[in-house]
Amino acid sequence: MNALQDSLIELIRRTSAEIPDDVRQAILDSLEREKKGTIAESAMKIIERNIALAKQKSQPICQDTGSILFYVDSPVGMDQMRFEDTACLAVKKATKLGYLRQNSVDSLTGINDGTNVGPGSPTFHFHQQRSDRINVRLVLKGGGCENVGAQYSLPNEKLKANRDLDGCRKAILDAVLQAQGRGCGPGILGVCIGGDRATGYEFSKRQFLRLIPDRNPVPELDTLEQDILKTANDLGIGPMGFGGRTTLLGVKICAINRLPASFFVSISYMCWAYRRLGVTLDAEGKIAGWLY
Amino acid sequence: MINLSFPFTEEKIRALNVRDEVALSGVVFTGRDAVHKYLHEGGRLPPGVSLRDGILYHCGPVVLKDEQGDWKVTAAGPTTSIREEPYQAQIIKDFGIRGVIGKGGMGDRTLAACKEFGCAYLHAVGGAAQVLAECIRKVRAVYFLEKFGSPEAIWELEVEDFPAVVTMDSKGHSLHREIFATSQAELAKHL
């Protein structure tokens with residue numbers, strides 16, 4: 001029980017303070033690409049320095065430690081309620097230790113009780129797997145980037161977006177344009193084509209579990225991902241919206257079934273402070289290895 | 001890089017141009033959603049607190065008490081500013097603010113207030129909580145901690161060489177407006 005709690009606190013600490021290697025590499029590549037002496041380059045340099053400093057000091061990369069999203073692959077028969085209780089205690093302790101900001105507010109009263117635990121916080125997504133191991137992935141997603149997420153219902157006359165892949169492309173690029181630098185770019189898009197409104201957004205966020213350099217196994221989606229990435233970077237929005245060559249670091253798209261009457265394109269935006277780590281736990285709840 | 005130090009006079013602020021990089025030193029006050037709504041609704045600042053010729057920082061920091069019982073800011077990047085657009089122009093006017101630090105830029109009403117009253121919008125790098133926390137030398141005081149909670153309270157901070165980019169100046173220029181227009185035109189070519 002305590003081993004599990006300790007493991008989850010360590011997962012929270014590292015997720016809040018350490019950028020995954022694939023994201024760091026993408027940031028370094030974009031720093032190289034920016035024109036020397038521009039404010040875009042200055043911004044990327046500050047970002048790079050910030051990543052190093054957060055890791056060195058074991059302190060949050062960003063003060064907005066975000067929505068706390070747990071993705072758990074669990075063995076058949078695991079007590080999910082006990083896992084949730086333990087994870088909530090881990091979140092409370094991690095908050096006291098300053099790994100997480102006091103970041104959860106009662107929507108009716110406006111009261112922030114300082115624990116980060118309440119209705120909807122943290123959030124759990126459980127999936128069973130036929131293995132004794134538990135995989136726990138954690139994503140901390142800040143509010144600035146969450147606020148620039150968008151959902152389009154196609155057809156959209158204003159965008160001349162029909163119910164096809166070109167219509168999806170128009171919707172996604174419009175979301176990039178509207179976001180500008182407000183989501184703390186350069187960002188990463190997680191997109192879901194199809195689904196209902198809720199599952200569309202849920203699957204769009206699940207895309208953030210993928211590695212930045214991976215390629216989509218579905219050829220049409222792979223083409224769309226590469227196209228959006230290149231086009232977005234041609235727009236010149238740049239880091240923080242200062243203008244520049246890197247608007248996005250990656251684009252990840254999935255497609256799920258929809259109702260004949262609905263055609264949603266759900267777009268989640270992840271900031272450059274892309275906090276996503278994971279652990280494999282043994283039967284006692286100890287960390288057996290790190291994912292990512 | 002332009003060194004922008006206390007006192008933040010109207011003259012210094014009016015000399016700034018969009019794209020200028022500044023290193024800010026002096027006192028800044030944090031204030032975000034709850035503070036803006038409160039001040040806009042006629043709420044008063046605590047006795048002895050004045051924002052006149054001051055800098056307002058859109059930030060909800062992570063602040064801990066150290067072993068000596070002193071406040072220590074451990075993470076302090078900017079929050080998205082556009083949420084304060086309904087309130088900002090009035091607050092710039094009423095409280096005599098010379099600089100607003102935030103991220104993502106603000107709208108036309110704030111831009112007009114910057115021009116009329118001599119204020120500038122200073123864009124800090126979003127998410128750079130550690131680099132920016134290092135620039136905070138001291139927590140001088142905190143107000144409304146109980147009322148609004150830690151991230152939403154007003155923290156009075158002493159900063160040194162705090163890096164920011166002027167993205168809205170007092171001459172009516174906005175980098176955000178400019179980049180939106182150019183990126184929109186560019187996108188039209190790709191559709």
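In this briefing a residue is called buried under 20% relative accessible area, exposed over 50%, and partly exposed in between (1.4 Å probe, protein chains only). By that scale Asp33(B), at 21% relative accessibility, counts as partly exposed. The model is predicted, so local features need pLDDT of at least 70 and side-chain atom pairs count only at pLDDT 80 or more, while totals for chains, interfaces and linings use all residues. Residues are numbered from 1 along each chain as its sequence is written, chains are lettered from A in the order in which they are written, and side-chain values use heavy atoms, with hydrogens and water left out.

**Chain A as a whole**

- Chain A contains eight helices and nine strands; these are DSSP runs (helices H or I, at least four residues; strands E, at least two), numbered from the N terminus.
- The radius of gyration of chain A is 19 Å, which agrees with the value near 19 Å that a compact globule of 292 residues would have; the radius is taken over C-alpha atoms, and the globule rule is 2.2 Å times the number of residues to the power 0.38.
- The C-alpha trace of chain A spans about 55 × 50 × 40 Å along its principal axes.
- Of the 292 residues in chain A, 58% count as buried.
- Of the contacts (heavy atoms within 4.5 Å) in chain A between residues at least 6 apart in sequence, 77% join residues at least 24 apart.

**The interface of chain A and chain B**

- On chain A 41 residues are in contact with 42 residues of chain B.
- The buried area between the two chains is about 3500 Å², with 65% given by carbon and sulfur atoms; this is the accessible area (1.4 Å probe) that two parts lose on being put together, summed over both.
- Ile39(A), Gln63(A) and Phe242(A) supply 18% of the area that chain A buries against chain B, more than any other three residues.
- The rule finds one salt bridge across this interface, a salt bridge being a side-chain nitrogen of Lys or Arg within 4 Å of a carboxyl oxygen of Asp or Glu.
- Lys57(A) and Glu134(B) form a salt bridge, with their closest N and O atoms 3.2 Å apart.
- Helices H3 (39–57), H5 (143–147), H6 (165–179) and H8 (219–234) of chain A each supply at least two residues of the side that touches chain B, and H3(A) gives the most, with 10 residues.

**Salt bridges within the chains**

- Over all chains the count comes to 31 salt bridges.
- In helix H3 of chain A, Glu41(A) and Lys45(A) lie four residues apart, about one turn of the helix, and their side chains meet in a salt bridge (3.8 Å, N to O).
- Glu41(A) is buried at a relative accessible area of 9%, whereas Lys45(A) is partly exposed at 45%.
- In chain B, a salt bridge of 2.6 Å, N to O, joins Arg83(B) and Asp33(B); the pair links distant parts of the chain, 50 residues apart.

- Arg98(B) sits in the loop between helix H3 (85–95) and strand E6 (99–102) of chain B.
- With a relative accessible area of 11%, Arg98(B) is buried.
- Asp53(B) is partly exposed, with a relative accessible area of 35%.
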